[in-house]
Amino acid sequence: MKSISLIQFLIEERRAGHVNAELSLLIEVVARACKRIAVATNKGALGGVLGDAGTGNIQGEAQKKLDVISNEILLEANAWGGQLAACASEEMEDPQPIPDMYPKGHHLLLFDPLDGSSNIDVNISVGTIFSILRCPDGVTEPKAEHFLQPGTTQLAAGYVVYGPATVLVLTFGHGTHEFTLDREVGSFILSRRDIRIPEETAEFAINMSNQRHWETPMQRYIGELLAGVDGPRGKDFNMRWVASMVADVHRIITRGGVFFYPLDAKIKAKGGKLRLMYEANPMAFIIEQAGGAATTGRERIMGLQPTGLHQRVPVFLGSRKEVEVATHYHVEADRAG
Ligand code: AFP
């Protein structure tokens with residue numbers, strides 16, 4: 001079978017009118033930066049990159065050295081290309097403007113440079129998540145408010161999982177596609193076109209240690225899954241939890257399943273655990289484009305009007321029918337008061 005590189009794929013998609021030249025170049029630049037992050041993560045202890053950076057990010061979370069390195073790689077790669085008006089990252093409180101010496105483009109890039117970074121030191125998969133928006137017309141110096149666009153307006157979204165293989169999963173609204181990094185050649189090669197997530201599943205991912213803090217409908221839903229063949233669902237469910245969202249989502253993209261980070265009493269004041277703009281929205285776009293569903297447990301994630309760059313939301317995503325059941329339980333409980 002003739003292999004198709006990411007660059008070739010993007011040229012074909014440009015010819016089909018699915019993506020414009022500036023956006024396709026931006027995707028290539030992000031993919032190139034992720035190859036450098038893959039090299040850094042692959043070196044592990046030998047690269048001196050493991051461990052804490054000794055700093056905290058804007059959310060008060062301890063930063064790993066690789067969080068800081070990955071953030072710098074993405075910022076540096078994207079500063080000079082001329083496709084961006086500004087960048088925003090999990091690791092920075094405010095958006096980063098494009099330096100005056102470089103031309104500015106029409107896009108806004110948001111990213112979580114290294115999701116699941118608490119897993120780095122134990123050699124478990126981590127990943128980069130990104131979302132691309134259009135910079136509003138007439139805005140030359142984008143501020144945080146210009147990034148606050150609903151997920152439905154995303155032009156493209158993707159993630160790269162740094163696992164046994166480095167894999168890029170990408171959408172720009174015409175299906176979800178997977179590319180695997182050929183390390184010898186240094187190119188991402190198309191490995192799955194138009195991925196479809198099975199509508200039904202018997203596998204779920206959730207941090208069960210939070211069970212006693214969940215809301216009642218979540219307790220009910222997971223309780224029914226755990227009851228298995230003897231319970232109301234009438235079948236046994238299996239559980240998987242990597243604690244790297246990218247790896248958990250990649251499993252769902254590959255063989256179906258559902259992922260939950262619901263509201264719980266500990267994180268209620270913050271609105272949830274995962275970040276809307278650079279975790280939930282891009283993953284929701286990727287999942288929906290593969291035929292799955294993504295909600296907060298109450299409403300569609302991509303329909304939310306963002307209120308802050310680092311806003312957090314509950315996340316339910318994956319196989320459509322299972323997301324619908326869990327969401328229905330929450331909506332029904334809210335109605336019953
Ligand atoms: P880190 O990047 O700090 O490791 O957080 C990862 C993450 O945002 C997401 O990838 C996981 O699903 C989730 O947090 C796990 O969080 P808990 O271990 O607190 O449940």
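Mentor: Arg298 is partly exposed, with a relative accessible area of 30%; buried means under 20% relative accessible area, exposed over 50%, and partly exposed in between (1.4 Å probe, protein chains only). Arg298 forms a salt bridge with Asp334, the closest N and O atoms being 2.5 Å apart; the term stands for a side-chain nitrogen of Lys or Arg within 4 Å of a carboxyl oxygen of Asp or Glu. This pair links distant parts of the chain, with Asp334 in helix H8 and Arg298 in the loop between strand E15 (293-295) and strand E16 (312-313), 36 residues apart. Helices (H or I, at least four residues) and strands (E, at least two) are DSSP runs, numbered from the N terminus. Asp334 is also partly exposed, at 42%.

The model is predicted: local features need pLDDT of at least 70, and side-chain atom pairs count only at pLDDT 80 or more, while totals for chains, interfaces and linings use all residues. Residues are numbered from 1 along each chain as its sequence is written, and side-chain values use heavy atoms, with hydrogens and water left out.

Glu322 is buried at 3%, whereas Arg233 is partly exposed at 24%.

Another salt bridge joins Arg275 and Glu90 (2.9 Å, N to O). Arg275 is buried at 4%, and Glu90 is buried at 5%.
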